[in-house]
Amino acid sequence: MKFREAYDPFRALGGAWNLALRAPATLLVGALLLWLSEQWLFGLRFENGHLAFLLLAAPFVALCCLAALGLWVLSCVLTLGLAQAVRRAAQGEPERFGVLFEVGARLPDMLLASLLRGCAWTAVLLPFGVMVGGPLVLGAAFDLEVLGLVLGVLGGLAYLPLALWLWLGLLLVPEAVAFEGRAPLAAFRRSFELARGQRFRLLFYAFVLWLLTAGGLCLCFVGVFLTAPWARLARFESFQRLNPSDS
C-alpha cells in the first residue's frame, strides 16, 4: 500500500478497528497500556525553600525518577510487543496476549532509538524556548513587556515550521524499529525517508488522531480509555500497511 493510502487517518482508524475485532484483548489492552506508559508526567512543588521539606521530597523525587524510568522501559517493550500483535492479527493468526511482552533481542535497539529521539526532540525545543522566552525575559527586565511579548510570539511562529519539519521527520522512528527491526540510526533514516514529501499528510494524520484522543476526554474523561488506544493502534496499523506483503 502506498504511503498516502496507509496514512489516510480515516482509513487507518477503520483498519485499526477491524484489527481490534480480531484480537480485542491483546490489541486494545496492549494499546491502552502503551498509551498509559507514555503519559509519564510528574510534578513537584517546592515552597519557602525549607530544608526539611527538601529532605522529605528527595525520596519522592527519586521514586518518581525510578517510576519514569520503569514506564519508559515498559513503553519500549509494549511498542515492540504491540507491533508483533498487529502483524499477527493482520495475518489472521490466533490471538495471544503474551506476545505483548515478547521483545527478544530488539529491546536495546528500541531503548537507544527512543533515547536518541528524546534527545533530538529536546534539541529541537531548546531554540524554540530561547526564541520565545528570550524576548519575554528581556522585555520584563527593561519594562518593555508588550514588545517582548510581540517579539516572543513572532520568534515562536518563525521557528515553528522548522520544529514541525523535524518533529514529523522523527515521528515514525519507533515503528521502523518495531516493524522492520532496524537499528536506531537506520530507523532515523527510514523515518525521514518516509516523511519526505509527506509531511503535510503526516501532520493532518497526527492532528486527526489527536482530535480523536482529546475527544475521549469530553466523555466524562472515561472515553479516552477507548479513543486513546484506538488512535495508538491506528498508527501501528498504518505502518503495517506499508509492507507490500501485508497490503
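Glu 237 is buried, at a relative accessible area of 2% (buried is under 20%, exposed over 50%, partly exposed in between, with a 1.4 Å probe and protein chains only). This is a predicted model, where local features need pLDDT of at least 70 and side-chain atom pairs count only at pLDDT 80 or more, while totals for chains, interfaces and linings use all residues. Residues are numbered from 1 along each chain as its sequence is written, and side-chain values use heavy atoms, with hydrogens and water left out.

Reader: Which residue forms a salt bridge with Arg 11?
Author: Arg 11 is partly exposed at 22%. It sits in helix α2 (residues 9-22), and the pair ties together parts 226 residues apart in sequence, since the partner lies in helix α10 (residues 224-241) (helices are DSSP runs of H or I, at least four residues, numbered from the N terminus). The closest N and O atoms are 2.8 Å apart, inside the rule of a Lys or Arg side-chain nitrogen within 4 Å of an Asp or Glu carboxyl oxygen. So the partner of Arg 11 is Glu 237.

Reader: Which residue is linked with Arg 11 and Glu 237 in a network of salt bridges?
Author: The count of salt bridges in the model comes to 8. The network takes in Arg 11, Glu 237 and Arg 241.

Reader: What is the N to O distance between Glu 180 and Arg 190?
Author: Glu 180 is partly exposed at 31%, whereas Arg 190 counts as buried at 19%. Glu 180 also meets Arg 182 in a salt bridge, at 2.4 Å from N to O, and Arg 182 is partly exposed at 30%. For Glu 180 and Arg 190, the N to O value is 3.0 Å.

Reader: Which helix gives the most to the lining of the largest cavity?
Author: There is 1 cavity of 30 Å³ or more, and the largest holds about 50 Å³ of space. Residues lining the largest cavity include Thr 26, Arg 88, Glu 93 and Val 99. With 3 residues, the top contributor is helix α4.

Definitions and conventions: 1 Å grid on protein atoms, 1.4 Å probe; cavity = no way out; pocket = protein on both sides within 12 Å on 5 of 7 lines; lining within 4 Å. Points joined across faces, edges and corners; volume = space filled by probe spheres on them. Helix = DSSP H or I, 4+ residues; strand = E, 2+ residues; numbered from the N terminus.
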